[in-house]
Amino acid sequence: MSLPAARILSRSAIMIVLLGCIISAGVYVWHDRMLHAAGPHQQDVLVIVEPGDGHQVLRSTLNRAGVIHQIYHYDAARLLAGNRFLPKAGEFLLPAKSSLSQIMSIIHQGFSYQRRLTIVEGLRSADIIQIITDLPHLTGMIEAIPEEGSLRPETYFYTYATPRDDFINRMQQAQQIALAQAWIGRAKDLPYQTPQDALIMASIIEKEASVKAHRRLVAAVLVNRLKRGMRLQSDPTVLYGATASPQSPIPITKTHLKTKTPWNTYVIKGLPKTPICNPGEESLMAALNPANSDYLYFVSDGKGGLRFAKTLDVHNRNVRLFRKFEAAAKKDKAE
């Protein structure tokens with residue numbers, strides 16, 4: 001080969017190499033910008049990746065959600081990532097303007113969105129089951145209503161497609177642990193034979209004391225009455241046997257007070273057959289650590305609080321004050 005021809009070939013090879021380097025550099029820069037450019041979505045977006053979704057389904061999901069600029073960007077990023085990108089099933093929160101790289105990292109690592117549900121104290125098990133049944137992001141059905149008092153009222157975090165039975169199991173386990181711990185730290189000389197007795201008492205306290213500061217005093221009254229063999233005469237126990245749900249309360253009548261049910265403590269002695277609601281931490285602790293008091297009676301003050309008394313005479317006076325306040329409130333409402 002002549003020297004001029006060799007030089008031409010050498011120059012061509014150099015040009016090809018340079019061109020390849022330029023193209024590679026261009027592809028790298030494009031790829032880097034494509035991966036790390038801010039996404040087109042101006043607000044946080046939730047996307048769901050179902051088990052078994054392939055890359056074609058996932059890229060369509062992201063495209064419909066409006067979180068990628070072009071659908072082929074996903075294909076290019078996936079091919080270049082290889083096995084470093086393995087999508088997980090779940091529900092994912094994609095922050096506003098998150099880049100394709102950030103989106104792929106969230107889905108690859110399986111950072112499922114944490115939803116939150118707060119179960120307030122004092123609900124019946126049937127009402128809690130209805131709340132959980134109505135949640136659209138859970139799966140499965142609850143076949144039976146759990147025992148009254150067995151569900152722990154608090155805030156729970158859960159992810160998309162959590163089975164409803166798993167949710168219920170978590171609530172029951174939390175209540176069992178709380179009851180066991182509270183039982184260990186109980187006061188001496190309490191009229192309970194078992195932790196279940198304390199749970200029943202806590203459920204009554206939950207419904208009787210709307211003010212946190214009164215719970216231990218209410219517990220003292222109920223414990224004192226049990227020790228003396230007095231009926232508890234708790235209105236919420238009457239309502240439990242008379243209504244299907246506390247969400248539809250009814251006025252208590254003389255007939256209700258005289259109707260014998262396993263919960264009506266105006267008729268039966270001792271504790272009701274079961275809890276009358278699902279009590280929270282404060283009521284549980286109050287049941288097992290009541291205030292040191294000689295009170296035997298309490299009645300509403302009409303303002304959200306309670307008036308306590310050691311004697312029946314004082315209690316009757318407090319009842320008259322409540323009825324007077326109630327009558328005045330009805331008169332003001334009518335006017």
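View 1. Residues are numbered from 1 along each chain as its sequence is written. Because the model is predicted, local features need pLDDT of at least 70 and side-chain atom pairs count only at pLDDT 80 or more, while totals for chains, interfaces and linings use all residues.

**View 2. Centre and make-up of the largest pocket.** A pocket is an open set of points, on a 1 Å grid over the protein atoms alone, where a 1.4 Å probe fits, with protein on both sides within 12 Å along at least five of seven lines, and its lining residues have an atom within 4 Å of a point. The volume, the space filled by probe spheres set on the points, is about 1,400 Å³ for the largest pocket. Of its 43 lining residues, Glu-208, Asp-235, Ile-252, Tyr-266 and Val-299 lie nearest the centre.

**View 3. The second largest pocket.** This pocket has a volume of about 190 Å³, and of the eleven residues that line the second largest pocket, Leu-35, Ala-81, Arg-84, Phe-85 and Met-104 lie nearest its centre. Two or more lining residues come from each of α1 (3-36), α3 (71-81) and α4 (100-109), with α4 giving the largest share, four residues.

Key. Heavy atoms only, no water.
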